[in-house]
Amino acid sequence: MSMLTLRRVLTAASAALGTLALGLGAAPAQAATSLDYAALGDSYSAASGVLPIDLGSPLCLRSTANYPHVIADRTGARLTDVTCGAAQTKHFTESQYPGVAPQADAVTADTDLVTLTIGGNDNGTFINAVTACGTVGVLSGGQGSPCKDKYGTSFDDQIDTGTYPALKAALGAVRAKAPHARVAVLGYPWITPAQADPSCFVKLPLAAGDVPYLHSLQAHLNAVVRRAAEETGAVYVDFAEVSAGHDACRPAGTRWIEPLLFGRSVVPVHPNALGERRMAEHTLSVLGLG
């Protein structure tokens, strides 16, 4: 064998070994991203109103563009998505609709990652507050704080006495089924700005004094969600800072939440597709998966 032929053989062998080494080295990285991922939660998790709809569970108004799908796409995780519009914490352990299993049934001892947004529907906190404040806001012509004057601390009291213990129990049930999983509990992105924006009244008909009232109510709910998460060993994903300036009063393309009126979704006061993507991205960042 000539020296030239020998060099060619050695070069080819070296290249083959290099390719094999790269292949062997890539396998653990791929395995590491193959998370068993269960997504639970309410309409903010399900992305109710965002197209396309998951036809596998039409009652839940679940979108295949919700933040769980974005997270799964970015990480290569094996997703089991049982998010459902209008879900309350009790629906982790009991059926929400006929044929819809309790959400915690999707969590097993093999689950690596759980994400959820829950609590806003307990006691009708969001829908009752927004509807009530919107109604009296229209009647007041946007002046004063008629909702705060009428309801005072009643919504806050319901969060403390009803939502908090229900959240803690629901998260405890998830933790019991998957003691080794990372559980990420997402807060709710801002619906309203901190202070009234007169130009927003046509889209979010709240009296000027009730805008900070609702903002404070949402902050209270998120604080309770954080407390329940931390007390059950979950990671709380805080949107207070990153969602500022992306509330329902902002223009399309900037807002993460659609307004009550004249929005672009059939489900108002909920995240749009942009909001769901940003929720996924921030969650990935907090979990160190982004």
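Trainee: What volume does the largest cavity have?

Mentor: The largest cavity has a volume of about 70 Å³, where a volume is the space filled by probe spheres set on grid points joined across faces, edges and corners. This is a predicted model, in which local features need pLDDT of at least 70 and side-chain atom pairs count only at pLDDT 80 or more, while totals for chains, interfaces and linings use all residues. Residues are numbered from 1 along each chain as its sequence is written, and side-chain values use heavy atoms, with hydrogens and water left out.

Trainee: What makes a space a cavity, and what makes it a pocket?

Mentor: Both are found on a 1 Å grid over the protein atoms alone. A cavity is a set of points where a 1.4 Å probe fits but cannot get out; a pocket is an open set with protein on both sides within 12 Å along at least five of seven lines. Lining residues have an atom within 4 Å of a point. A search of the whole structure finds one cavity of 30 Å³ or more.

Trainee: Which residues line the largest cavity?

Mentor: The lining includes Thr-125, Phe-126, Ala-129 and Val-130, along with Leu-214 and Leu-217. Helix α4 gives the most, with four residues. Helices here are DSSP runs of H or I with at least four residues, and strands are runs of E with at least two, numbered from the N terminus.

Trainee: How do the lining residues of that cavity divide by class?

Mentor: Six are nonpolar, three polar and none charged. Ala, Val, Leu, Ile, Met, Phe, Trp, Tyr, Cys and Pro count as nonpolar, Asp, Glu, Lys and Arg as charged, and the others, Gly among them, as polar.

Trainee: Which residues lie nearest the centre of the second largest pocket?

Mentor: They are Phe-126, Ile-127, Pro-268, Val-269 and His-270, out of 15 lining residues. That pocket has a volume of about 220 Å³, and α4 gives the most to its lining, with four residues. The largest pocket holds about 280 Å³ of space.

Trainee: How do you know that Cys-60 and Cys-84 form a disulfide?

Mentor: A disulfide is a pair of cysteine sulfur atoms within 2.5 Å, and the S to S distance of Cys-60 and Cys-84 is 2.0 Å. The torsion about their S-S bond is about -85 degrees, so the disulfide is left-handed. Cys-60 sits in the loop between α2 and α3, and Cys-84 in the loop between β2 and β3, 24 residues apart.

Trainee: How many disulfides does the structure hold?

Mentor: It holds three. Another joins Cys-133 and Cys-147, with sulfur atoms 2.0 Å apart; the torsion of about -70 degrees makes it left-handed. Cys-133 lies in helix α4 and Cys-147 in helix α5. A disulfide also joins Cys-200 to Cys-249.

Trainee: Why is Cys-249 called buried?

Mentor: Buried means under 20% relative accessible area, exposed over 50%, and partly exposed in between, with a 1.4 Å probe and protein chains only. Cys-249 has a relative accessible area of 11%, so it is buried. Cys-200, at 2% relative accessibility, therefore counts as buried too.

Trainee: What makes the length of helix α7 agree with expectation?

Mentor: The expected span is 1.5 Å times one less than the number of residues. The 22 residues of α7 should therefore span 32 Å, and the end C-alpha atoms are 32 Å apart, which agrees. Just after α7, Gly-233 takes a positive phi of about 80 degrees.
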